[in-house]
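Here is a short report on two parts of one protein model. Look at the sequence and the 3D view, then read on.

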Amino acid sequence: MNKKKIFNDPVYGFVTIPTELLFDLIEHSYFQRLRRIQQLGLTMFVYPGALHTRFHHALGAMHLMSLALRTLKDKGVAITAREGEAAQAAILLHDIGHGPLSHALERSIFHDVHHEEISLHLMQKLNAEFGGALDLAIDIFQGTYHRPFFHQLVSSQLDMDRLDYLNRDSFYTGVQEGRPGADRLIKMLTVVDERLVLEEKAVYSIENFLVSRRLMYWQVYLHKTVTSAEQMVIRIMQRARDLVRSGVDVPATPNLHYFLSRNVTQAEFQADDQILRRFTRLDDTDVWSAVKLWADHPDKVLNFLAQSLLDRRLFKITLQTAPFEAEFQLGIVELIAERFNLLPDEAAQLMIAGRISNNAYDAEGQDTIDVLTKRGRVVNVAEASDLPNIKALGQRVEKHYICYPKEIL
């Protein structure tokens with residue numbers, strides 16, 4: 001069987017799957033599940049075109065990795081065929097541990113289990129299945145390989161993951177200002193002392209990348225209507241989980257019901273293959289089928305939340321820089337209780353308060369974006385004297401929000 005396939009990507013055009021191992025990983029059921037998980041969760045409530053999946057993103061990141069490796073080889077960086085394949089496998093599998101609706105439900109279905117940890121566990125399972133073929137890919141993914149620039153290509157403040165999701169998400173949402181200029185950034189990559197840096201002439205491209213990232217966060221990922229929708233589906237899952245654990249009959253697919261009914265820890269994930277099997281059969285379909293069922297549930301809170309989400313009757317959301325006062329929140333709850341004839345603790349379920357924050361670049365962290373000057377020095381891009389915008393982009397901006405049914409207005 002010919003495993004060196006070519007597929008047509010809407011963002012990059014024709015993309016090649018370069019090795020048999022990468023083809024076999026893509027064909028595996030763990031990876032095929034990503035076809036059924038949307039990349040941007042509920043963002044399609046605001047941007048109707050944002051229907052692309054984690055599957056699309058992983059293939060795109062693998063393609064950008066291949067371009068980056070080719071650039072580094074052309075500049076004299078020694079990269080073996082085994083290292084190149086491992087780096088592409090690591091980026092291909094970096095999101096394999098995502099649950100339904102991507103980030104939206106990561107903490108409401110699971111208890112202290114993060115998608116990065118599940119990704120690593122699934123990679124280890126695949127490694128055993130493929131006879132150790134992923135040993136190096138796992139080392140690169142974890143950052144334990146002795147050539148750290150490979151890990152930086154997979155996970156850093158300017159990695160192939162970020163370049164693809166910004167490229168892809170801006171394409172599918174139509175937010176053209178969010179395009180990060182990935183082609184030029186990749187062409188400017190080089191390696192100094194086994195660490196990834198960019199040539200000095202890339203500094204304006206880096207600034208453009210960071211501006212694009214900040215814009216995409218506020219205009220897409222943290223858009224206030226998207227935030228409202230995501231908080232609603234989180235509250236739906238929390239309400240369903242509380243009802244299930246109190247003995248109320250809440251219909252759901254067997255695998256979703258399993259996770260709603262108990263707190264599964266990371267240790268249990270690793271110890272019990274049946275839990276992992278249930279997880280790898282869980283996707284967006286389970287969530288949406290459950291929400292449709294719950295729209296007819298006798299519990300008033302679950303019923304209202306589910307039906308509102310299905311009909312896109314999203315909660316009113318208000319944002320401000322300071323936290324909302326407790327008296328104001330209590331007033332909202334009282335209005336909800338009066339409008340929907342609910343008990344105070346039930347009404348509190350229909351009022352959601354929290355905060356969102358974003359900084360496009362962490363200039364003080366260990367993993368900075370470094371630039372190779374023409375004099376041969378490696379400096380943090382934030383230190384470039386004529387780029388005040390980059391320092392400003394490193395400032396964290398925080399907003400507090402409150403969501404509640406529009407019917408009480």
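## Strands 6 and 9

Strand 6 and strand 9 (residues 397–404) are joined by 7 bridges and run antiparallel. Within this pairing, Ile 352 has Cys 403 of strand 9 as its bridge partner. Helices (H or I, at least four residues) and strands (E, at least two) are DSSP runs, numbered from the N terminus.

This is a predicted model: local features need pLDDT of at least 70, side-chain atom pairs count only at pLDDT 80 or more, and totals for chains, interfaces and linings use all residues. Residues are numbered from 1 along each chain as its sequence is written, and side-chain values use heavy atoms, leaving out hydrogens and water.

The open sheet has 3 strands in the order 5-9-6, with antiparallel pairing. Two strands pair if DSSP finds at least two bridges between them. Strand 5 (316–320) and strand 6 (352–358) are the edge strands, and each pairs on one side only. On average, neighbouring strands are turned by 25° against each other, direction ignored.

## Helix 5

Helix 5 covers residues 115–129, 15 residues in total. From first C-alpha to last, helix 5 reaches 21 Å, close to the 21 Å expected at 1.5 Å a residue. That expected span is 1.5 Å times one less than the number of residues.

Buried residues of helix 5 include His 115, Ile 118, Leu 122 and Asn 127. Buried means under 20% relative accessible area (1.4 Å probe, protein chains only). Just after helix 5, Gly 131 takes a positive phi of about 65°.

How values were computed. Buried means under 20% relative accessible area, exposed over 50%, partly exposed in between (1.4 Å probe, protein chains only). Axes are lines fitted to C-alpha atoms, for helices over the stretch in contact, and angles run from 0 to 180 degrees between N-to-C directions.
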